[in-house]
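Welcome, and thanks for taking a look at this one with us.

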Amino acid sequence: MSALLQRRELRKVTSSWHKPLAYCAAAMAMLALVSALGLVVDGRTLMGQSVWLKPFKFAVSFSLYAITLAWMIGQGGRWRRTLWCLGTVAVAGFVIPEIAAITFQAARGVPSHFNFSTGLDTTVFMVMGGAAYLGWLLTFAMGVFLVAQRRVDRAMAWAIPLGLIISLAGMSVGYLMTAPTSYQAEQLARGLSLTTIGAHSVGAPDGGASMAVTGWETGSGDLRVAHFVGLHAMQVIPLVAIGLRLLARRLPALSGAAARTALVIVAAFGYAGLTGLVLWQAQRGQALLRPDALTLQAALGLCGLVAACVALILAVSARRVPGLRVRAFAER
């Protein structure tokens with residue numbers, strides 16, 4: 001009986017979610033499973049990595065993107081029809097063309113990004129680029145309408161727009177990868193025709209030693225780190241708001257909406273700082289796991305500032321909770 005009630009409650013909660021995006025998330029999860037199978041049974045590689053690694057990573061990322069937006073749109077009370085249309089266009093004009101192009105090229109055993117080897121490869125990459133631009137614009141538009149919503153939970157009212165803003169910044173990092181490297185620019189200036197234009201590595205050619213699963217470079221800077229970190233702020237920051245609301249049941253200092261809202265803003269600031277930090281690190285040609293002293297100092301400074309802000313917010317909030325003040329006085 002309890003299981004039946006739980007299923008009914010879950011159905012009630014998800015009934016307002018954007019259905020095309022929710023179905024898209026499920027389809028991307030299935031593609032991730034198929035790609036994971038390809039990682040095992042297909043021995044073909046590109047630049048030392050399985051041809052199915054990129055479809056797997058993008059399928060997981062798109063699944064998270066779609067399910068998050070499906071939930072966010074379901075939270076809206078105003079402009080629901082506009083949000084529904086924008087979400088549907090995002091599925092048809094952004095997610096599907098992008099993942100279809102990546103999977104098509106993986107099946108062919110050729111690179112999907114920066115590939116100008118043939119007319120077909122150029123067309124596929126141009127389709128991906130157009131879909132990415134459209135996806136950025138659609139995500140921005142949905143963010144504008146989601147910001148204008150009226151919400152009872154103040155912390156979540158801040159978490160959704162801040163997460164989307166950082167996510168858009170993370171998406172924008174992808175455009176840095178499409179610019180020709182200094183070597184490629186020199187070759188193009190000489191009038192040469194190149195098969196590859198753009199790169200995700202800084203300081204070394206693509207295809208060097210890389211981390212497992214992520215495929216990030218271990219011997220040079222990699223712009224994909226900042227792209228990944230920033231992109232998923234749209235999941236992380238709202239999850240912070242949800243986590244704080246759950247913790248408020250046990251921690252009286254979090255019972256006030258003002259304290260939780262302030263902590264969400266600090267979390268967003270810290271996450272944006274982390275995104276900027278790994279981007280700065282990559283642009284200086286440093287691998288994620290090989291930071292220099294300057295990068296470590298910046299990271300420690302960011303952590304210290306965030307920790308100090310959190311401690312200050314909790315201290316001020318604790319002083320405003322009568323029960324905590326009485327308990328603190330009794331313990332003296």
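**A pair of helices**

In this predicted model, the axes of helix α5 (residues 119–147) and helix α6 (residues 154–177) come within 10 Å and cross at roughly 165 degrees. Angles over 145 degrees count as roughly antiparallel, so α5 is roughly antiparallel to α6.

- The crossing that α5 makes with α6 is left-handed.
- On the α5 side, the contact is made by A132, Y133, G135, W136, T139, F140, G143, L146 and V147.
- On the α6 side, I160, P161, L164, L168, M171, S172 and Y175 make the contact.

**Helix α2 and its surroundings**

- Helix α2 runs over residues 19–41, which is 23 residues.
- From its first C-alpha to its last, α2 reaches 33 Å, close to the 33 Å expected at 1.5 Å a residue.
- Which residues of α2 are buried? They are L21, C24, A25, M28, L31, A32, S35 and G38.
- The cover over these buried residues of α2 includes β2 (49–50), α3 (53–75) and α4 (80–108).

**Annotated transmembrane regions**

- An unreviewed UniProt entry carries the annotation "transmembrane region" for residues 21–40, 52–71, 83–104, 124–148, 155–177, 225–247, 259–282 and 294–317.

Terms used. Residues are numbered from 1 along each chain as its sequence is written. This is a predicted model: local features need pLDDT of at least 70, side-chain atom pairs count only at pLDDT 80 or more; totals for chains, interfaces and linings use all residues. Side-chain values use heavy atoms; hydrogens and water are left out. UniProt positions are given in the numbering used here, feature names are shortened, and annotations may be inferred rather than shown by experiment. Helices (H or I, at least four residues) and strands (E, at least two) are DSSP runs, numbered from the N terminus. The expected span of a helix is 1.5 Å times one less than its number of residues. Buried means under 20% relative accessible area, exposed over 50%, partly exposed in between (1.4 Å probe, protein chains only). Contact means heavy atoms within 4.5 Å. Axes are lines fitted to C-alpha atoms, for helices over the stretch in contact, and angles run from 0 to 180 degrees between N-to-C directions. Angles under 35 degrees count as roughly parallel, over 145 as roughly antiparallel, 65 to 115 as roughly perpendicular and the rest as oblique. A crossing is left-handed if the near helix is turned anticlockwise from the far one by less than a right angle, and right-handed if clockwise.
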